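Work through the exercises below with the sequence and the 3D view open. Try each task before you read its solution.

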Amino acid sequence: MITKYIIPYVYFFRSRFTRMDRGLSWILIEPVPVFLLTYYLANIPLVEFIVLFLLASAAYMTIYESGYIENDSISIMNEEFPV
């Protein structure tokens, strides 16, 4: 069960987006503006940029999710009935 969380974005989407509107909001607020701004500033072909952007995003989310998992694990230690 826990092994599925080694895939980037799995824990993030399962734990933070319980509704579709939250996922859509996150996509419009986080990756879209970053993608557009960094592509505007980059001087490389679009296909190469997309590949690099996806790899960088996956690396970032892996680190980000590790913090989320640790924070959630510590948060539920003192709860009597964790969900």
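The exercises cover the core, the pocket, a charged pair and some positions along the helices.

This is a predicted model: local features need pLDDT of at least 70, side-chain atom pairs count only at pLDDT 80 or more, and totals for chains, interfaces and linings use all residues. Residues are numbered from 1 along each chain as its sequence is written, and side-chain values use heavy atoms, with hydrogens and water left out.

**Exercise 1. The core**

Find which residues make up the largest nonpolar core.

Solution. 
- Start with the term. A nonpolar core is a set of buried Ala, Val, Leu, Ile, Met, Phe, Trp, Tyr and Cys residues joined through side-chain atoms within 4.5 Å.
- Buried means under 20% relative accessible area, exposed means over 50%, and partly exposed lies in between (1.4 Å probe, protein chains only).
- Six residues make up the largest core: Tyr11, Phe12, Phe17, Trp26, Met61 and Tyr68.
- Helix 1 (10-16) and helix 4 (46-75) each give at least two residues to this core. Helices are DSSP runs of H or I, at least four residues long, numbered from the N terminus.
- Now take one member, Met61. Leaving out residues up to four places away in sequence, Met61 touches Tyr9, Phe12 and Trp26. Contact means heavy atoms within 4.5 Å.

**Exercise 2. The pocket**

Describe the largest pocket by its volume and its lining.

Solution. 
- A pocket is found on a 1 Å grid over the protein atoms alone, as an open set of points where a 1.4 Å probe fits, with protein on both sides within 12 Å along at least five of seven lines. Lining residues have an atom within 4 Å of a point.
- The volume is the space filled by probe spheres set on the points. For the largest pocket, this is about 340 Å³.
- Its lining has 14 residues, and Trp26, Glu30, Pro31, Ser57 and Tyr60 lie nearest the centre.
- Helix 3 (31-41) and helix 4 each give two or more residues to that lining. Helix 4 has the largest share, eight residues.
- Sort the lining by class: 12 nonpolar, one polar and one charged.

**Exercise 3. The salt bridge**

Which residue forms a salt bridge with Asp21?

Solution. 
- A salt bridge needs a side-chain nitrogen of Lys or Arg within 4 Å of a carboxyl oxygen of Asp or Glu.
- The structure holds one.
- Arg19 is the partner of Asp21, and the closest N and O atoms are 3.0 Å apart.
- Check the accessibility of each. Asp21 is partly exposed because its relative accessibility is 44%. Arg19 is partly exposed because its relative accessible area is 44%.

**Exercise 4. Positions on the helices**

Is Leu36 buried or exposed?

Solution. 
- Leu36 sits in helix 3. Leu36 counts as exposed because its relative accessibility is 54%.
- Leu36 and Ile6 are 30 residues apart along the chain, and their C-alpha atoms are separated by 28 Å.
- Leu46 is partly exposed, at 41% relative accessibility.
- Leu46 touches Phe35 and Tyr39, not counting residues up to four places away in sequence.

Technical notes:
Ala, Val, Leu, Ile, Met, Phe, Trp, Tyr, Cys and Pro count as nonpolar, Asp, Glu, Lys and Arg as charged, and the others, Gly among them, as polar.
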